[in-house]
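Have the picture open as you read.

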Amino acid sequence: MREPTRTTTLRYHQVAIGDELSDLTLPITATVIVSGAIASRDYQDVHHDRDLAVERGSEDIFMNILTSNGYVGRFVTDWAGPEALIQRVDIRLGAPNYPGDTMVMTGRVKEKSDGIITVELVGKNGLGNHVTGTVDLRLPQ
Amino acid sequence: MSVDFKVVSHFASDLRDRAAIAGIGATEFSKDSGRSEMRLAVEAVTAALEDAGLEPADVDGYSVFSMDNNPAIEVNRQIGGGDLRFFGRVHYGGGAACATVLQAAMAVATGVANTVVCYRAMNERSMQRFGAGVQDRRPMPTAESAHFGWYAPYGLLTPASWVAMSARRYMHEYGATSEDFGRVSVADRKHAATNPAAWFYQQPISLEDHQRSRWIIDPLRLLDCCQESDGAVAVVVTSAERARDLRQPPAMIRAAAQGASHEQQMMTGFYADRITGLPEMGLVAQQLYATAGLTPDDIQTAIIYDHFTPFVLIQLEEFGFCKKGEAKDFIRDGNIELGGRLPINTHGGQLGEAYIHGMNGINEAVRQVRGTAVNPVKDVEHVVVTAGTGVPTSGLILGRD
Amino acid sequence: MKKSETPLLDQMRQLTGAPVGEPNTARDPVNQAMIRHWCDAVDDRNPVYTDPEFAEKSVHGGIVAPPTMLQAWTMPGLMSREEREARAPRGPSVLRLLDEAGFTSVVATNCTQAYKRYLRPGDLLTVSHSIEAVSDEKKTALGVGHFVTQLTCYRDQNGEEVATMRFRLLKFRPTERSAGAERRGAPKRSRPVPSINHDNRFFWDGVQAGRLLIQRCFCGKLRHPPGPMCPVCRSLEWEAAEACGRGTVYSYVVAHHPPIPPFEYPNLIVLVELEEGVRIVSNLVDIEPEEVEIGMAVRARFDEVEPDRILLQFERAKG
């Protein structure tokens, strides 16, 4: 288990464009995929039933988009702190997350204005970029 | 045991006792070898040469499966082998197993070569599963490709499915049941359970386990289908005289034969008048008995190719161990288990030990002749070995010197 | 009308902006249990989601839901296929029009969520969907297709908009090269196609025209599968004779495993003995596997199993 997340929150003035976020390395397991799908009430069989996923032309079960969104949210607030307010998540979807793969999320601060910072991030797995995009965060002044 | 089985003498060849298997080798059997097929091949081949007490430089011939992905010249270069005077490849999948030994024996019997190696090396489980079926094949206007066109559009795509079609008709005509097929699995797994080299070592099954196993393609259940395996097996064939001077007691090639019927198909023998036999295996049996001068009564144990259980029953019939349609009764009496009339697949077969396209069965037959098998059969004189069924096939009778 | 526009685009653009289906209200209000479950699943330790004490002292003044959990609140939950189909919106829809035009494959490309406020336990969401935009026909690496942007609005119990989501997907006609990529996004694959050569072309042409043709030598010998020479008289001449289509089940199997797309399982495959005397492999349809028996009378029919693809199938003979 990882350490508890930070309880303090970065202030707007503490952040500079180009700052790098702490990496998040996520081993993708069937448990990660299935628990995310069920927690988001997504019962599509391709997210929990390997035989059916294969029958439908996939290599294996794969992570649903809602779960990917969840990891994006966690990735930015793990770094910025609990009172950073997520305003907007804009992601582009790519290579699927299959069990046995590892996704490494990296990010940096891209823009900063009016109390809002924009983080640019990539979640990369063995097949390529699973997710790329930006998150707008409002930080305390 | 007396079955009306007539040996047709004109099928006899001149091959009796002209050549012998002098060495055997194998890798471990697994589901993921973690190394290349080429490496598996050279490991098995050098183990077989070591077993025989021969040097790689002694090798002057190869006889291998056309389905093997490892060219003989590459294997030979890797092991530091000699100049080659004979190299042949046998087609038709697992039907090639005993035929590689037949062709090696012909080469040494005629002086074309002195030391011929036969091998089969495959990462069949981790790299290229046959059980996955013939999907994703690009159609080509060739005869072999067109052949699949009569089946693939309907979903008849796997070896299990092709065998199942014949098996259903066999059940219909002779009253055999799924349980009868299951008895083959039970025997194989019983033998594998005491063979440390077997994948299913110490894992016997009951008939109830078989009956509870899921359908793969009705009438075949999971436990009617052999494993998919990674591994390699090799044998060294040389002349009988030379074999006597080598490290191991020779396993004499009392007879070796190939067979394809005049209506032969590749796994889909659905069109002959009757489809409940394996006439190509009957043809192999006739040649083996005639060449060896033996009858079914002279055989103490047999390696019966067991990719799918129904064809084990039919082979027992084709070899005259029981009458047509009566294999179910023959196996019901425990005849095919250790201690029975004809223990089969004493290594566990391809259902229990590993699926190496039948070559691991040849190794087991050699061990029975030498008396070194982990499940030895008493007073073995002659062992029958068969190769892939439903395809053009082959067989051997090995015996003591 | 712009030159690039087509009747399909016209139809689709008439549907943009209009709601898709009825607004749908969440089955449960935002609640701590589902939040905790979500945080466990993605291992999010942010205390404002699960620690009441911390949350109360925070900028939120109490527990809030993770914003990226937005969609989960209005997901329908576990449903059978029948239920799902019964609930699918009726009438014309952009996605259906695209399906019908052959853009059958789909891959999600973008998801943008904008949050007006954090949700709190007790909030009850209602969701409504519309098609916001349809692109011109685009050439993509996967194939030719249209990008479709769906707009989803989330409102709370007071009718206030709390969040929006734009979901962009590509509906495309797969190219051969994209077959691998299509496997990930879109499930539909075609049945294996036969290899057609000089010896068997007549058969497959016949099937496409709804005729069951068997090769017949002028000596009278019928041959299936066909080949260039008659094994009886060695003639290389032959004709294609039309079979009556009646026959009996000679053998059959019921395929369960491995499931190979696009076949549906269990898949019933029969070996039919035709009245003319030759045997042929096909599927037996409109029957349960338990009802099949060897010897059962069957008859040929020709089904369009895929667009423009006719295949020989058999069904139980009537009467």
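How close do the axes of helix α1 of chain A and helix α2 of chain C come, and at what angle do they cross?

## Ground rules

This is a predicted model, in which local features need pLDDT of at least 70 and side-chain atom pairs count only at pLDDT 80 or more, while totals for chains, interfaces and linings use all residues. Residues are numbered from 1 along each chain as its sequence is written, chains are lettered from A and ligands numbered from 1 in the order in which they are written, and side-chain values use heavy atoms, with hydrogens and water left out.

Helices (H or I, at least four residues) and strands (E, at least two) are DSSP runs, numbered from the N terminus.

## Where chain A meets chain C

Back to that opening pair: the axes of α1(A), residues 30-39, and α2(C), residues 32-42, come within 9 Å and cross at roughly 160 degrees. An axis here is a line fitted to C-alpha atoms, for helices over the stretch in contact, and angles run from 0 to 180 degrees between N-to-C directions. That crossing makes α1(A) roughly antiparallel to α2(C); the label goes to angles over 145 degrees, while under 35 counts as roughly parallel, 65 to 115 as roughly perpendicular and the rest as oblique. The crossing is also left-handed, meaning that the near helix is turned anticlockwise from the far one by less than a right angle (clockwise would be right-handed).

Who does the touching? On the α1(A) side, look for Ser35(A), Gly36(A), Ile38(A) and Ala39(A); on the α2(C) side, His37(C), Trp38(C) and Ala41(C). Contact means heavy atoms within 4.5 Å. Sorted by class, this contact of α1(A) with α2(C) has four nonpolar, three polar and no charged residues. (Ala, Val, Leu, Ile, Met, Phe, Trp, Tyr, Cys and Pro count as nonpolar, Asp, Glu, Lys and Arg as charged, and the others, Gly among them, as polar.)

## Another partner for the chain C helix

Helix α3 of chain A (residues 65-80) packs with α2(C) too, at an angle of about 80 degrees and with the axes 10 Å apart. That makes α3(A) roughly perpendicular to α2(C). Leu66(A), Thr67(A), Gly70(A), Tyr71(A) and Arg74(A) meet Trp38(C), Ala41(C) and Val42(C) here. The tally for α3(A) with α2(C) is five nonpolar, two polar and one charged.

Now find Asp28(C), in the loop between β1 (19-25) and α2 of chain C. Leaving out residues up to four places away in sequence, Asp28(C) touches Arg41(A) and Leu124(C). At 32% relative accessibility, Asp28(C) counts as partly exposed; buried means under 20% relative accessible area, exposed over 50%, and partly exposed in between (1.4 Å probe, protein chains only).

## A helix pair inside chain B

Over in chain B, the axes of α5 (residues 159-174) and α10 (residues 310-318) come within 9 Å and cross at roughly 60 degrees. That makes α5(B) oblique to α10(B). Val163(B), Ser166(B), Ala167(B) and Tyr170(B) face Pro310(B), Phe311(B), Leu313(B), Ile314(B) and Glu317(B) in this contact. The α5(B) contact with α10(B) counts seven nonpolar, one polar and one charged residues.

Is α5(B) largely enclosed or largely open? With 14 of its 16 residues buried, α5(B) is largely enclosed by the rest of the structure. Glu317(B), in helix α10 of chain B, is buried as well, at 6% relative accessibility.

Most residues other than glycine have a negative phi, and most peptide bonds are trans. Keep an eye out for the exceptions. The bond from Asp218(B) to Pro219(B) is cis, with omega near 20 degrees, and Pro219(B) sits in the loop between β5 (215-218) and β6 (220-221) of chain B. The bond from Tyr265(C) to Pro266(C) is cis, with omega near -5 degrees.

As for phi, Met267(B) has a positive value of about 70 degrees although it is not a glycine, and Met267(B) is buried at 10% relative accessible area. Asp286(C) has a positive phi of about 60 degrees, and is not a glycine; Asp286(C) is exposed, at 62%.
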